[in-house]
Amino acid sequence: MMKTNRYVLSILVDDEPGVLSRIAGLFSGRGFNIDSLSVASTAEPNVSRITMVTKCEPQIIEQIKKQLHKLINVITVNDLTDKKYVQRQLALIKVNAQPDKKAEILRIVDIFRCKIVDVGLAHYTIEVSGDTEKHDAIISLLKPMGIIEIASTGAIALARENGK
Amino acid sequence: MKLNGAQILIKMIKSEGVDTIFGYPGGAVIDIYDALAKQNGLRHILVRHEQGAVHAADAYARANRSVGVALVTSGPGATNTVTGIASAHCDSIPLVVFTGQVPTGLIGNDAFQEVDIVGITRPCTKHNYLVKSVDKLAFIIKEAFYLARSGRPGPVLVDLPKDIVQTFVEFEEPGEISLKSYKPTYKPNKKQLNKVVDLIRKAERPVIFAGGGVILSQASEELTRMARMANIPVTASLMGLGAFPGSDPLWLGMLGMHGTYRANMSIGHCDLMIAAGVRFDDRVTGNIEKFAPGATIVQIDIDPTSIHKNIEVQIPIVGDCKATLAEIIRLMEEKDPKGIAEGKPEWLSRIREWGNAVPLKYEQSHDVIKPQYVIEKLYELTRGEAIITTEVGQNQMWAAQYYHFDQPNHFITSGGLGVMGFGLPAAIGAKAARPDKIVVDIAGDGSIQMNIQELMTAVESNIDVKIVILNNRYLGMVRQWQEFFYEKVYSSTNMENAPDFVKLAEAYGATGLRCTSPDQVSAVLTQGLNTKGTVVMDFTVDREESVYPMVPSGGSITEMLLV
C-alpha cells in the first residue's frame with residue numbers, strides 16, 4: 001500500500017449549471033475520494049471557485065488533476081498542497097452548557113478566539129473559524145461537555161501572494 | 001433573416017461540411033423533421049432503432065474522417081443512443097448527437113417522454129449541452145462540432161427543447177470559438193523529441209506500438225515513414241489496425257490478448273517502445289507488471305490523462321501524433337540519417353524466428369468451413385481494399401487477424417466498449433460516407449441479431465452493404481472462455497435456435513445466400529460481392545473453433561495459449 005496524502009485543490013470553473021455534477025461524477029465514476037468541497041462565486045463574473053480536499057496516493061492525484069482539467073468547464077486546477085496558502089474552515093458547534101461548565105466553555109472559546117453566536121438555557125453555539133487542526137482541537141476539548149451537533153463547511157483556501 | 005431553431009440547426013450542420021445524418025423522428029423533434037423535408041443538401045437516413053443511428057454516424061465519421069451526426073427524439077429516443085455514445089467515447093470518435101427534449105417549461109416535471117439525457121450522458125460524452133435559449137443555439141452547435149473534432153475527439157450531445165426549435169429569431173453567424181478552459185496541446189515539447197531520436201539510435205530492440213490516435217490524427221504516413229527510416233517493427237492495438245500497412249515486412253500483427261505470437265514476444269523483449277496514440281488498455285497489456293518489462297517507453301498522446309494512467313512511461317509526450325511524428329522524422333533526418341537507418345538486423349531476425357515458430361494459423365478442413373478461411377478468402381477477393389466493420393467477439397478478432405489492413409480508416413470496430421450489434425449500422429454509415437468502397441460487415445450469428453432491424457435501413461436507403469455471418473450457433477467468444485476456464489459448461493451460449501438468415505434477408509428485401517461447405521466459400525463470397533444491393537451471406541462454420549493465440553485475462557502477454 002502506498003502512503004495516502006491530503007491534497008488541497010483550488011479549481012476555477014465556468015459558473016454553469018451542471019458543473020458541480022460533472023466534477024462529482026468524475027470522482028465517483030473513477031473511484032476518487034472527496035474529503036470536502038466548497039463552491040462559491042469569485043470576483044470575476046461567470047467564474048466560480050471550488051476548493052476541494054482529497055486524500056489519495058501521490059500517483060492518483062496526478063490523474064485527478066489531469067482528469068479535472070480535461071472537463072471542458074474547468075478553467076484551472078491549482079494544487080496548493082506543496083505551496084504557501086491560507087486555509088479556513090467554518091464550523092458551528094452546539095455544546096451542552098451546564099451551569100458548572102459554562103465558565104470553562106467560555107475560557108476555551110476565548111483561548112481559541114471563537115465567538116458565541118447563540119445562547120440558550122442549556123447550550124452555547126460556538127462559531128469556529130480556522131484550519132482543520134484548530135477545529136479538531138476545539139472539538140476534542142468540547143467533547144467532554146457534550147456536543148449536541150456540529151455544522152461545518154469544507155475547507156476554503158487561497159495561495160499566498162508569493163506562493164502561486 | 002428570421003429562422004426558427006430547427007432551420008438554424010440544419011444550416012449549422014451543413015456549414016460543418018456534413019452531408020448525411022442518421023436519425024429517427026418523434027414528437028419532440030417533429031419541427032426539425034419538418035424543416036428537413038423542406039430543404040436540400042442534407043441527406044437523412046432513417047434508421048430503425050436509435051442505437052443504429054449513432055453507430056452509423058460513428059462509422060460515417062471514421063470512413064469520412066469527419067464528424068458524424070445523429071438526430072433523435074426525447075425520452076426513449078435519447079436513451080437508445082447511450083450505448084452508441086459510450087462506444088464512440090471509448091474509441092474517441094467525433095460525433096454530435098442531437099436529442100429532442102420536452103419544452104423548457106416542462107423540464108423537470110416528469111413530462112411525457114422526458115428524460116435527463118444531459119445527466120445520463122455526462123460520463124460518456126466529451127461534453128454536452130442543454131440549449132436554454134434559441135439565441136445561443138447556433139453558437140452551441142458550432143462549439144459542439146469544434147469540441148467533437150479537436151484535441152482528443154469524442155461525442156458531444158446537444159439537447160434541444162421543443163420550444164427552442166420552434167422559436168423564430170434573427171439568425172446571426174456565430175463568431176470564432178475560443179474557450180479559455182479548453183486548449184488542446186498539438187505541438188510537442190522539443191526537448192523530449194531529441195531524447196526520442198537518441199533513444200532510437202541507441203536502442204537494440206525497438207518496437208513501435210500504434211493505436212487509434214494515429215488514425216484519428218491522420219498520421220499513418222508519418223508513422224510508416226518513421227518505421228521504415230529506422231527499420232523499427234510495428235505492432236498495433238485493435239483500434240490502430242491500418243495505421244501501418246499490414247503487408248509491410250516490418251508489420252508484426254496485432255498486440256494483446258489475441259495478438260500474434262511475434263508481436264507479443266517483441267513487446268515482452270523490446271528495450272524501446274514508441275507508443276503513439278494508445279491508452280494501454282488491459283486487453284493489450286495483460287498483466288501490467290510483466291508488460292514490456294525491459295523497455296524504455298515513449299508515449300505520444302494528445303490527452304494528458306492517457307499518460308501514466310495504466311503504466312509508467314519514461315518519456316511522456318503530450319501532442320498530436322501527426323505533428324509529433326513529423327517532427328521526430330525531421331530530427332532523425334537532421335541528426336544522423338545513416339546511423340539510424342542501419343537498423344537492428346539481429347533483432348529483426350529474432351522477430352522473424354518468432355514469426356516462423358508460431359505463425360497465425362488454423363487447421364484447414366475439407367468437411368466444415370473454418371471461419372478464418374472465410375475471412376482469408378474475403379481478403380483475397382476484395383484485394384484487401386474493402387472497408388470492414390465488425391460485430392464483437394470471435395468474428396471481430398478473426399477479422400482483425402486475417403484481414404490485413406493496408407490503409408487507415410478501413411477497419412471500423414467498437415474497440416473500447418465492445419458493442420455487439422455495432423457492425424451492421426456501422427457498415428451503413430461507412431457506405432454512406434464512401435459509396436465508392438465495398439463495405440463488409442463481418443458478423444457472428446449472435447451479434448447480428450442485436451441490430452438486425454437495420455437491414456431495412458440499408459435496403460430502403462439503397463445502401464449496398466455485404467454481411468458475412470460466421471454462423472457457429474454459439475456466442476462463440478463466451479463459449480471459448482467457458483471451454484478454457486469453466487469446464488465446458490456452456491451456460492446460455494448455445495444459440496442453436498436461430499432464425500433462417502437467408503429467409504430473414506429476403507423478408508427485408510435483401511438477398512440471402514447460404515454456404516455450408518468449404519469448397520463453396522469462394523463462390524458464395526464472389527456471388528455475394530457481385531450482387532447489387534444488400535446481401536446477407538450465412539456461412540455455417542465449425543461450431544467450436546477458438547481464437548488463438550489467447551492470453552488468459554490478467555496473464556503476461558508473452559504467455560499465450562497456442563493452438
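**A friendly note on chains A and B**

1. Let's begin inside one helix. In α5(B), the buried residues are B:T83, B:G84, B:I85, B:A86, B:S87, B:A88 and B:C90. Here, buried means that 20 or more other C-beta atoms lie within 10 Å of the residue's own, while exposed means 12 or fewer and partly exposed is in between, with C-beta atoms placed from the backbone. Helices (H or I, at least four residues) and strands (E, at least two) are DSSP runs, numbered from the N terminus.

2. A word on the model and its labels. This is a predicted model, in which local features need pLDDT of at least 70 and side-chain atom pairs count only at pLDDT 80 or more, while totals for chains, interfaces and linings use all residues. Residues are numbered from 1 along each chain as its sequence is written, and chains are lettered from A and ligands numbered from 1 in the order in which they are written.

3. Back to the helix. Seven of the nine residues of α5(B) are buried, so this helix is largely enclosed by the rest of the structure. The cover over its buried residues includes α3, β5 (95-101) and β7 (155-161) of chain B. After α5(B) comes B:S92, which has a positive phi, near 55°.

4. Now the domains. Chain B is assigned domain 1 (2-170), domain 2 (190-357) and domain 3 (371-540); such bounds come from an automatic or database domain assignment. The C-alpha centres of domain 1 and domain 3 of chain B are 29 Å apart. Between these two domains of chain B, 25 residues of domain 1 are in contact with 25 residues of domain 3, where contact means that C-beta atoms, placed from the backbone, lie within 7 Å.

5. What does domain 1 of chain B bring to the side that touches domain 3? Two or more residues come from each of β2 (20-23), β3 (43-46), α3 (50-64) and α5 (82-90) of chain B. The largest share, eleven residues, is from α3(B). By class, this side of domain 1 of chain B has eleven nonpolar, nine polar and five charged residues. Ala, Val, Leu, Ile, Met, Phe, Trp, Tyr, Cys and Pro count as nonpolar, Asp, Glu, Lys and Arg as charged, and the others, Gly among them, as polar.

6. Do look at strand β12 (residues 272-276) of chain B, where five of five residues are buried. On one side sit B:L272, B:I274 and B:A276, and on the other B:M273 and B:A275, all of them buried. In a regular strand the side chains alternate between the two faces of the sheet. Five bridges link β12(B) in parallel to strand β9 (residues 206-210) of chain B, with B:F209 opposite B:A275. Five bridges also join β12(B), again in parallel, to strand β13 (residues 296-301) of chain B, and there B:I274 stands opposite B:V298.

7. Chain A holds an open sheet of four strands, ordered β2-β3-β1-β4, with antiparallel pairing; strands pair if DSSP finds at least two bridges between them. β2 (36-41) and β4 of chain A are at the edges with a single partner strand each, so one side of each has no neighbour in the sheet. Six bridges join β2(A) to strand β3 (residues 47-56) of chain A, and A:A40 stands opposite A:R49.

8. Lastly, where do the chains meet? The contact takes 16 residues from chain A and twelve residues from chain B. On the side of chain A that touches chain B, α2(A) gives the most, with six residues.
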